[in-house]
Amino acid sequence: MLCESALACSKQVRLMDTTPSDSSSDQQTANSDASVSERLIEGLSSHAVFMLDADGTITTWPDPAATLYGYDRDAAVGHHVDMLFADPEEMETTVESLLAEAVDEPIETQHWHRQADGSVFWATLSLSPLEDGESEGFVAVSQDTTEKHQYDKMLERQNDRLKEFTDILAHDLRSPLSVISSRVHLARETGDEEHLDALEETSDRMARLVDDLLSVAKQGNVVTDPETTNVKDVVDTAWEGAGGTTERATLHYDHVGPVSADADRLIELFENLFQNSIRHGDGAVIVRVGPLDHGFYVEDDGPGIPADNQDDVFDHGFTTAEDGSGYGLSIVRTIAGAHGWDILVTDSDTGGARFEITGVEFLD
């Protein structure tokens, strides 16, 4: 018997456990049903099915639940179900409210759950009432849906980038098109070739803008087939591509373990971060790459990014350089988002810019 969802699974178990016998003489059938129910609960590999009493205290804890959460039976049975939630105080509704709602009908909720070793996962938890005249407790079904949750978040980010992309396309191209239209009109009226020079310059600027926008659009596609990627190789390639051979730029690399990523896009992420450091650095620039608990960082000893600008540096078109396009760091954020990673900017210990990329999956 397979369950399509946690809620469907809880309904099946609830029906198995609450189907009444036709008579007391049919004890063998009742025992058979109980045996089937137990095999269902124990045999599920993708769902953890366990029971709660009316107060939310865990009363059964089969092997799949112990495997999913890491708690053995003695550590779980007799404890309230809120022990499974990573941060119940931050939930939109309390665990008690969920139990009260589940008395009347099955419910499903999604939140971060915590395992015995302290690690967390995104869980889909369903609660269904066990009824025999009056409520006696609940069937709880928990499923690890972290992968789906992360994919949904990546799609959400991609959709946000797509909307941002179309807004920029409409806004940033309108101005040069207006210039072209005006210059064409003046060129026809005066025959002055300086208007043709302005047309050429504007068309070149539009071409660069289109290239930048296409890069943003391409890099924003969700990474669906990541591969084991050697970060050192990526950094070396990106440093060479970013002009790392210039005399005033020096790279210091601290080992970062292999990650699950699209190598080509990761190269472009590092290239843009390196170019940002080199372009904005005063004199000799030292760029450092190193590991974080759940990711890596890129920092420099340059002038840094003013606090007032740190919330804006990833916006499309934002730049403080006269010759900057404002798309380098935007592309960095887009690539990070396509991997399901987060990125923030802060100050390095030397006062320069420090970019921290987190949510990265390291591989052995």
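This briefing covers the helices, aromatic pairs and selected residues of a predicted model. Local features need pLDDT of at least 70 and side-chain atom pairs count only at pLDDT 80 or more, while totals for chains, interfaces and linings use all residues. Residues are numbered from 1 along each chain as its sequence is written, and side-chain values use heavy atoms, with hydrogens and water left out. The protein has ten helices and eleven strands, taken as DSSP runs numbered from the N terminus (helices H or I, at least four residues; strands E, at least two). Of its 364 residues, 41% count as buried; buried means under 20% relative accessible area, exposed over 50%, and partly exposed in between (1.4 Å probe, protein chains only). Among contacts (heavy atoms within 4.5 Å) between residues at least 6 apart in sequence, 61% join residues at least 24 apart.

**Helix α8**

- Helix α8 covers residues 231–241, and V231, V234, V235, A238 and W239 are buried in it.
- Seen down the axis of α8, these buried residues fall within an arc of 130°, so they line one face of the helix; the arc is that of the directions from the helix axis to the C-beta atoms.
- An α-helix has 3.6 residues a turn, so residues three or four places apart point the same way.
- The packing partners of the buried α8 residues are β5 (227–229), β6 (249–253), β7 (259–261), α9 and β8 (285–292).
- At the start of α8, the backbone nitrogen of K232 has a side-chain oxygen of N230 within 2.9 Å.
- K232 also lies over the face of Y253, 5.9 Å from the ring centre; a charge sits over a ring if NZ of Lys or CZ of Arg is within 6 Å of the ring centre and within 35 degrees of the ring normal.

**Helix α9**

- The 18 residues of α9 (residues 263–280) should span 26 Å at 1.5 Å a residue, and the end C-alpha atoms are 26 Å apart, which agrees; the expected span is 1.5 Å times one less than the number of residues.
- Buried residues of α9 include R265, E268, N272 and N276 as well as L266, I267, L269 and F270.
- At the start of α9, a side-chain oxygen of D262 comes to within 3.1 Å of the backbone nitrogen of D264.
- A263, found in α9, counts as partly exposed at 31% relative accessibility.
- A263 touches T229 and V234, leaving aside residues up to four places away in sequence.
- A263 and V234 are 29 residues apart along the chain, and their C-alpha atoms are separated by 6.9 Å.

**Helix α10**

- Eleven of the twelve residues of α10 are buried, so the helix is largely enclosed by the rest of the structure.
- Among them are R333, T334 and H339.
- G340 follows α10 and has a positive phi, near 85°.

**Aromatic rings**

- The whole structure holds nine aromatic pairs; rings of Phe, Tyr and Trp (its six-membered ring) pair if their centres lie within 6.5 Å, with planes under 30 degrees apart counted as stacked, over 60 as edge-to-face and the rest as tilted.
- W61 and Y69 have ring centres 5.7 Å apart and planes at 45°, so the pair is tilted.
- W61 is buried at a relative accessible area of 5%, and Y69 is buried at 1%.
- W112 and W122 form an edge-to-face pair, 5.2 Å centre to centre with 80° between the planes.
- W112 lies in strand β2 (residues 107–114) and W122 in strand β3 (residues 120–131), so the pair ties together parts that are ten residues apart in sequence.
- W112 is partly exposed at 29%, whereas W122 counts as buried at 13%.
- W239, F270, F274, F296 and W341 are linked by ring pairs into a cluster.
- The charged end of R354 sits over the ring of Y297, 4.1 Å from its centre.

**Other residues**

- S142 is in strand β4 (residues 135–144) and is buried, with a relative accessible area of 0%.
- The side chains of S142 and Y69 make a polar contact at 2.7 Å; such a contact is a pair of N or O atoms within 3.5 Å, and within protein one must be able to donate a hydrogen and the other to accept it, with residues adjacent in sequence counting only if both atoms are side-chain atoms.
- E92 is in the loop between α4 (73–76) and α5 (95–102) and is exposed, with a relative accessible area of 88%.
- E92 and H111 are 19 residues apart in sequence and 9.7 Å apart in space, C-alpha to C-alpha.
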